[in-house]
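Here are some notes to read alongside the structure.

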Amino acid sequence: MTYFKGTILAIVCSVASLSSPTSMVAAFSMPMFTEQKTMQRTTPSKTDGVEIEIPNFDELFGRIKEVSPLAALAIDGKEGNFQVADELYPSSLKWKKVESNKRKTVHQIEKIDNFQGLGCPMVRFRASLKGPCIGMKFASFIMDLEERKKWDPQIEQVDEIFPIYDVDAANIAMDFQYGDCKRLGIGYCQTKSNPVVDGREQLILCGIQDMPNQSTVIWGTELEEWHNHLFPQDIPRRTRAKSHLFASTLVPTGPDSFDVEYILQLEVGGNIPAFLTTPVLVQTVKGMFNYAEKTFGDEEVMAPWVKQQEEIQDSMIAERQQLLMPL
């Protein structure tokens, strides 16, 4: 079981194409990618000859908003917290309570079993943290190998193998509807094998969106079979795991506090049933939040990130003032 603790979050973030679901929700109605090359939208990566297929962003963010009220709040540019998000974005989805304790960091965990008929549950975690709301730092817990090693002993590799050449291309493809894309690229994740279970791997497209209300949405989508040529060729193939939907949304609730909503639907792969993996998934994500709580509460660790945010804000203000100066 220890292995799966590494598997759950080594799978950084992904949204698989949902075909022939047994229970459909409105947002999950279109494919994420198009296999027919003439219909694909692509943009260059920083590697010569490697193009990144752009997903259907309306479908991607529609799916995220359907299962994450906090993400809907952030994407629509509104301010608030979990209570405000729930009031503004009520859902007809039937969530089952897994845990609820307001005194804990992760104070609410819910799930929908066999979501979309894919054989694994959608799980939603809610946490409230103290510290500056800096999405890039939170993303590093998942996307940066050295950061991951500090809390995840099962991680073997996390690498952004094909970053996008220009993030403005992503903003244009999104029609500037979903904040400002700060990072986008194809990533490869791999976990260690052990005597009981072999390692897992994923090929994913991930991005980070900064919102005007100082919120951040970290998102991702699982690449399809026709993208398999992008797997590292010098690494033997392993069992592929898929996160059918992932998003982590950070929304500030004060000058030094923020709410986080983390959604994940994980298919571990192989013949391991969901009822065995779901409890481990829950413990793994709670462990990540415990690490996040310690990190965001450490002023020395966060000071460089706060300074960087302040410099970015100052630069943006200077640019606006320059644009407003009379000719």
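1. A word on terms before we start: a residue is buried when its relative accessible area is under 20%, exposed when over 50%, and partly exposed in between (1.4 Å probe, protein chains only). The model is predicted, so local features need pLDDT of at least 70 and side-chain atom pairs count only at pLDDT 80 or more, while totals for chains, interfaces and linings use all residues. Residues are numbered from 1 along each chain as its sequence is written, and side-chain values use heavy atoms, with hydrogens and water left out.

2. Let us begin with the cysteines. Cys120 has a relative accessible area of 4%, so it is buried, and Cys181, at 1%, counts as buried too. If you look for a disulfide (a pair of cysteine sulfur atoms within 2.5 Å), you will find zero in the structure.

3. Next, the interior. A nonpolar core here is a set of buried Ala, Val, Leu, Ile, Met, Phe, Trp, Tyr and Cys residues joined through side-chain atoms within 4.5 Å. The largest one has 48 residues, and those touching the most other members are Phe57, Phe61, Leu184, Ile186 and Trp219. Elements that each give at least two residues to this core include helix H2 (57-67), helix H3 (69-75), strand S7 (180-191) and strand S9 (216-222). H3 provides the largest share, six residues. Helices (H or I, at least four residues) and strands (E, at least two) are DSSP runs numbered from the N terminus.

4. Contact means heavy atoms within 4.5 Å. Beyond its neighbours within four places in sequence, the contacts of Leu184 include Ile52, Phe57, Leu205 and Trp219. There is also a second, separate core of 38 residues, with Val106, Val158, Cys189 and Leu250 among them.

5. How do helix H5 (residues 135-143) and helix H8 (residues 274-296) pack? Their axes are 11 Å apart and the angle is about 140 degrees. Axes are lines fitted to C-alpha atoms, for helices over the stretch in contact, and angles run from 0 to 180 degrees between N-to-C directions. H5 is therefore oblique to H8; angles under 35 degrees count as roughly parallel, over 145 as roughly antiparallel, 65 to 115 as roughly perpendicular and the rest as oblique. At this meeting place, Lys137, Phe138, Phe141 and Ile142 of H5 face partners in H8 that include Met288, Phe289 and Phe296. H5 is mostly covered, with eight of its nine residues buried; Gly135, Ala139 and Met143 are among them.

6. Please also look at Glu261, which sits in strand S12 (residues 257-267). Is Glu261 buried or exposed? Its relative accessible area is 0%, so Glu261 is buried. Although Glu261 and Arg126 are 135 residues apart along the chain, their C-alpha atoms are separated by 4.7 Å. Setting aside neighbours within four places in sequence, Glu261 is in contact with residues including Ser68, Phe82, Arg126 and Ser248.

7. Finally, two backbone details. Most residues other than glycine have a negative phi. Gln116, which is not a glycine, has a positive phi of about 65 degrees; Gln116 is found in the loop between strand S4 (106-112) and strand S5 (122-130). Phe176 also has a positive phi, near 55 degrees, and lies in the loop between helix H7 (167-173) and S7. Gln116 is buried, with a relative accessible area of 1%, whereas Phe176 is exposed at 59%.
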